[in-house]
Amino acid sequence: MDNVCPRCENPGASEGTGDLRKTSNAGPGYKSMDYKAAFAGALANIRAEGRYRVFADLKRHRGEFPRATWTHADGGESEVVVWCSNDYLGQGQNPVVTEAMKRAIDEAGAGSGGTRNISGTTHYHVELERELADLHRKEAALLFTSGYVSNEASLSTLYKILPGLIVFSDALNHNSMISGIKAGRGGERHIFRHNDLEHLEELLAAADPAKPKLVAFESVYSMDGDIADLPATVALARKYGAMTYLDEVHAVGMYGSRGAGVAERDGVMGEIDIVEGTLGKAFGVMGGYIAADAMIVDAIRSFADGFIFTTSIPPALAAGAVASIRYLKEHNEIRVAHQERAAALKARLIKAGLPVMPSVCHIVPVLVGDAVHCKLISDILLEDHGIYVQPINYPTVPRGTERLRFTPSPAHTDAMMDDLVAALETLWVRCNVKRVGGVAA
């Protein structure tokens, strides 16, 4: 293949690590595993598959999102445009948010001082939970240290509170939801095919009618860019006496007239029993939460290990989140601009003949279909074009569906999009990736 770029010729090469079962003497008459060899072997395997993850050392520029400075491994620096940030609306750069955080530090200091039960409940936390409850039109809300923790802690705790609980989980639910469900002390669980309501109904109909049930699903699925049918899912859950647990992590701030998510957009907020969200994406800060009826929130607060046994988020983060939520409630034009930018990028990529995966939301995935080439294209974009987009490989997505995942924000200009598309067109030829359907040729 004379059109393969030199860096593609042997992209998966890695040094061998020898026999992973090698033993070492641990004392007279005893042998133990060679632990270092085991760790080295595990890393060698993912390197050989082309999915070893390397962090990009970035320094964002306040007020200049999505621009950042990338520090190279050798200490050199270059300017880049970030195309994969989950700070979807650039709220992490909003002066309203940053000034609120500065004031909180001046008023209360750095940390919270403890767990929520032991001196770590500040007025900032209380105010934020009230703001979140109002956002979702629920009686109460509960803060966690991250969206991962809020899912894992809440779902695992529901098994404690509801003996005999059966959870019905979408096949593409986030790892945090899967982890929480698995941690449910061996409780019964069933996985339904992604967004397949016929399959979900089959499973619900076959379950013991007397047992408590929960349908756990997401609104926006962040790797494929599709959205669940919320009204139909809620109706099905009600038909079979099941509660609903909705992850709106990739929707809060961005959908609905006040930014409460897809449930608000689709008019079913009041029919969702427990909604889970994050402060670390569209709201631009950090933390996770659930919102529900006061009794449900109080029960999870009282039983969830992931809430009880960890230090609460710093007051400055809580203050920044309050400011961000209030701002986005009042500024729907940001959501309108966000959707326009996503549509504009999709149109440019499709016009260029690049393999854009079907997406009905703000996420723009481009299929590569090979882990080695996916990382390679990402590396060359960063090093040669000043464009940062992280490769998405297994286990985040199934093998053979490796992709670049673009998240255009209201701050990404037409010129930035033109530069991106031109670079991708060059690399699709240079690295010999098929334009239709992806996959390295």
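What follows is a close look at one residue and its surroundings.

Q: Where is Thr278 placed, is Thr278 buried or exposed, and which residues is Thr278 in contact with, leaving aside its neighbours within four places in sequence?

A: This is a predicted model, where local features need pLDDT of at least 70, side-chain atom pairs count only at pLDDT 80 or more, and totals for chains, interfaces and linings use all residues. Residues are numbered from 1 along each chain as its sequence is written, and side-chain values use heavy atoms, with hydrogens and water left out.

Thr278 sits in strand 13, which covers residues 274–278. Strands here are DSSP runs (E, at least two residues), numbered from the N terminus. Thr278 has a relative accessible area of 5%, so it counts as buried. Buried means under 20% relative accessible area, exposed over 50%, and partly exposed in between (1.4 Å probe, protein chains only).

Next come the side chain's polar atoms. One polar atom of the Thr278 side chain lies 2.9 Å from the backbone nitrogen of Gly280. The backbone oxygen of Gly287 is 3.1 Å from a polar atom of the Thr278 side chain.

Now the surroundings. Contact means heavy atoms within 4.5 Å. Neighbours within four places in sequence are left aside. Thr278 then touches Gly147, Val249 and Val252, along with Phe283, Gly287, Gly288 and Tyr289.

For another buried residue, turn to Trp70, at 12% relative accessibility. Trp70 belongs to strand 4 (residues 67–71). Among its contacts, with the neighbours within four places again left aside, are Leu58, Val80 and Leu382.

Note on methods
Helix = DSSP H or I, 4+ residues; strand = E, 2+ residues; numbered from the N terminus. Polar contact = N/O pair within 3.5 Å; in protein donor to acceptor, adjacent residues only side chain to side chain.
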